[in-house]
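Me: I'd like to learn how to read a few packing features off a model. Can we go through one together?
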Amino acid sequence: MIARADQSLKYLRLLSEHFPTQQSVFTEIINLQAILNLPKGTEHFMSDLHGEYEAFLHILNNCSGVVREHVDDIFGDELSEEEKGDLCTLIYYPHEKLALAHLQHIATPSWYKVMLERLLVVARSLSSRYTRSKVRKAIPRDYAYIIDELLHTHPDENNYRVRYHERIIASILETDAGEDFICSLSDLIKRLVIDHLHLVGDIFDRGGGASKIMDRLMGYHSLDIQWGNHDLLWMGAAAGQSACIITVLRNNLRYGNFEILENDYGISLRELVAFAERTYEPVPDGATGLAAKLTPLAKAVNVLLFKLEGQIIMRHGSFDMHDRLLLERIDVEAGTVELYDGTVYELATRDFPTLDPEHPYELTPEEARIVEKLVAEFTSADHLRRHIEFLYSHGSVYLVRNHNLLFHGCVPLNEDGTFSSMNCLGTWRSGRDYLDFCDEIARRAWRERDEDSLDWMWYLWIGMKSPASGRLVKTFERSYIDDPDCWVEPMDPYFELTKDEATCDAIMAEFGVSAGSGHIVNGHTPVHTAEGEQPIRANGRLLVIDGGFCSAYHPKTGIAGYTLISSSRGCRLKAHQAFESVEAVLTRNADIVSETDRFDVAERRRMVSDTDTGVQIREQISDLRALLEAYRTGTLDERP
């Protein structure tokens, strides 16, 4: 007890360095109590961006349509639809809209004045929900004082403040600073609309803009990331896991996005391409089906991948993936493969010149040299390293935030709804304990780069019991067998059982979330809206927000992405239609059309006191009261 009291006193001494007097403690307690009674900040949730940079950027800029909602609420019938559209587009893309205004010869001083005034009205309305201190921190530094003054100008008896406001605007225009202020106010508005962004996995692969998305996220004011299997794949590749590297190459080859490797990350593929061209046969004339897609490069990458995957599977019997060892079951002369269920299928090619039937998973010396070179390229790519370090510093396998449980894929379950166990390097784990292990092993892979942790990065990408995957991936069959019947990929029971409220409640309880107080938020599995699937499941317990940002999924999903919005007034889901282009936005105010589904409507506005931040603030208040008592009793001396 004495040791604990000494520790408490030591902590209070440290706290007193920031609050050296009773008056300073009073002031901070009053400030914190006031913050507790402000409306909670708006959280936006997105998932499965898959490199679709332009669509992502537009939704980030229009704040999932919420900017337009505020403009409509504030101006109502005061402005025409065209005027409100112009104002919104100026907020979304201020630099581009200003350039267009100059080309159209409408950027006159009166136009600047009108736009500045309208932007200030919007910013003033949004800033009312935050403390003045927080708004100041959000204002671009160069103009912080002036914008702060403009935001807090209100009419007085003699209109001195109004005239002061008008003089500031006039000075901005006289000094040709209008463009800078318009851009600063537009950025402030977007920052005030979204207090915090949650990305529930899969930034990488398919679309070619993942590097641009990461660059944009690295400058974002407040966010967290729950790693998806595609993110973990790139994390493993950047750490030097060879099967992850080859899978990254295969994914980018499949979607025609090699430029992200060569142009964005400076990874050279010349030796691999040259090896493929001289080793494998070209696509035969008149080829159809998978045979038409099996270019020399595709063949080389496939064989490298299945050899490297086979080595991992044989090192880790606990992965239980022996049925993926299919190179040894190929009959090259007959052009067939026998799957583990005994079914024999014809292969789309017989071109396997580097496959040794006696040692099917061994790389040839030339293949080994190419893989070694690729490992060196990935691990030394500076731009990629910065992106992966950001994923680690801002990411995790799962997150519990404000009564919501966020993870990309699943919590592996048995058919009876109990948590499925996994052998984790000799220790059996399940539920939250297993996801904690996955988080820990992913960080160890980046930190130590030992073989076991790197192999786990590959498993987290593709494993049936991986919380980021949760399905039996049929890469071999989809590469070489034309019959789609063998492409079906069994899913973890989680995806079916979580249609039931009781299962969702049990999962939330495992992670310390009270039943009925929040939601499970997933991505990973595209919601086929066009076929009648719904993203809100189990009476609102589960929210699946993968609506298909990736253009390849639009025909299946019927939409182009979801955004979940959690504000002081409750939750709503925005279903977005496909993004046309930035040019269409600028020239025709062509915004993304979004349909809103409101649910979990708050009976009373949710305040900061209802959030995790509120819990932290109350703890701070408790500490400050203890410090105040120490001053009053003379345990600590004030330092005026």
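Me: Let's start with Phe407: is it buried or exposed?
Reply: This is a predicted model, and in it Phe407 counts as buried, with a relative accessibility of 1%. The cut-off for buried is under 20%. Tyr494 is buried too, at 0%.

Me: How are the rings of Phe407 and Tyr494 arranged?
Reply: Look at ring centres and ring planes. For Phe407 and Tyr494 the centres are 6.0 Å apart and the planes sit at 65°, so you'd call the pair edge-to-face, given that angles over 60 degrees go in that class.

Me: And which parts of the chain does that pair tie together?
Reply: Phe407 belongs to strand E9 (residues 404-407) and Tyr494 to helix H23 (residues 494-497), so the pair joins parts 87 residues apart in sequence.

Me: How many aromatic pairs does the structure hold?
Reply: There are 17 aromatic pairs. One of them, Phe319 with Tyr459, is stacked, because the ring centres are 4.4 Å apart and the planes are at 20°. Phe319 lies in the loop between H17 and strand E4 (330-331), while Tyr459 is in helix H21 (residues 451-462), 140 residues apart. Phe319 is buried at 3% relative accessible area, and Tyr459 is buried at 1%. There's also an aromatic cluster made of Phe306, Phe352, Phe476 and Tyr480.

Me: What about the nonpolar core?
Reply: In soluble globular proteins, nonpolar side chains tend to be buried together. Here the largest nonpolar core has 184 residues, and Ile203, Leu217, Leu261, Trp456 and Trp458 have the most contacts inside it. Helix H17 (residues 296-315) gives the most to this core, with 10 residues. A second, separate core has 18 residues, among them Ile29, Ile35, Val608 and Tyr631.

Me: Which residues does Leu261 touch?
Reply: Leaving out residues up to four places away in sequence, Leu261 touches Trp234, Val248, Leu249, Asn252, Gly266, Ile267, Leu269 and Phe378.

Me: Now helices. How do I describe two that pack?
Reply: You give the angle between their axes and the distance between the axes. Take helix H5 (residues 81-92) and helix H7 (residues 109-127): their axes come within 11 Å and cross at roughly 80°. H5 and H7 are therefore roughly perpendicular to each other.

Me: Which residues make the contact between H5 and H7?
Reply: H5 brings Glu83, Leu87, Leu90 and Ile91, and H7 brings Met115, Arg118, Leu119 and Val122. Sorted by class, this contact has 6 nonpolar, no polar and 2 charged residues.

Conventions:
Residues are numbered from 1 along each chain as its sequence is written. This is a predicted model: local features need pLDDT of at least 70, side-chain atom pairs count only at pLDDT 80 or more; totals for chains, interfaces and linings use all residues. Side-chain values use heavy atoms; hydrogens and water are left out. Axes are lines fitted to C-alpha atoms, for helices over the stretch in contact, and angles run from 0 to 180 degrees between N-to-C directions. Helices (H or I, at least four residues) and strands (E, at least two) are DSSP runs, numbered from the N terminus. Angles under 35 degrees count as roughly parallel, over 145 as roughly antiparallel, 65 to 115 as roughly perpendicular and the rest as oblique. Contact means heavy atoms within 4.5 Å. Ala, Val, Leu, Ile, Met, Phe, Trp, Tyr, Cys and Pro count as nonpolar, Asp, Glu, Lys and Arg as charged, and the others, Gly among them, as polar. A nonpolar core is a set of buried Ala, Val, Leu, Ile, Met, Phe, Trp, Tyr and Cys residues joined through side-chain atoms within 4.5 Å. Buried means under 20% relative accessible area, exposed over 50%, partly exposed in between (1.4 Å probe, protein chains only). Rings of Phe, Tyr and Trp (its six-membered ring) pair if their centres lie within 6.5 Å; planes under 30 degrees apart count as stacked, over 60 as edge-to-face and the rest as tilted.
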